[in-house]
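Biologist: I would like a close look at one helix. Please keep it brisk.

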Amino acid sequence: MDDNDSQKQLAIPIAGSVTRTEADAHRDWARLLINLKDENMSPTAKARKAISPTASSKVILPAMKIISAQAKKHGWDNRTSPSAWA
């Protein structure tokens, strides 16, 4: 499985578990960051400029909750018996 498949496996549960309002907020936030990526400025300036919309958006906490639940599921809940006792 390549990195792209891994990203899709994480993105699908996130997309499926958010409300319409949260999905709209994620889309708007992603568009801001994509537009910022295409601007002609240094990577440091882009990073500084990305902090404000990321910090003020309401997408980070819900996404982190979903990501942590998925990480727990894949890293802990779905372990095989031998790996659980290792």
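Which residues in α4 are buried?

Modeller: This is a predicted model, where local features need pLDDT of at least 70, side-chain atom pairs count only at pLDDT 80 or more, and totals for chains, interfaces and linings use all residues. Residues are numbered from 1 along each chain as its sequence is written, and side-chain values use heavy atoms, with hydrogens and water left out.

Ala63, Ile66 and Gln70 are the buried residues in α4. Buried means under 20% relative accessible area, exposed over 50%, partly exposed in between (1.4 Å probe, protein chains only). Down the axis of α4, the buried residues fall within an arc of 70°, so they line one face of the helix. That arc is taken from the directions from the helix axis to the C-beta atoms.

The face turned away from the buried side of α4 carries exposed Leu61, Lys65 and Trp76. Lys65 counts as exposed because its relative accessibility is 55%. Lys65 lies in α4, residues 60-77. Helices here are DSSP runs (H or I, at least four residues), numbered from the N terminus.

Now the pocket. Ile14 and Ala63 are among the residues that line the largest pocket. A pocket is an open set of points on a 1 Å grid over the protein atoms alone, where a 1.4 Å probe fits, with protein on both sides within 12 Å along at least five of seven lines; lining residues have an atom within 4 Å of a point. The elements giving two or more residues to this lining are α1 (3-17), α2 (20-37) and α4.
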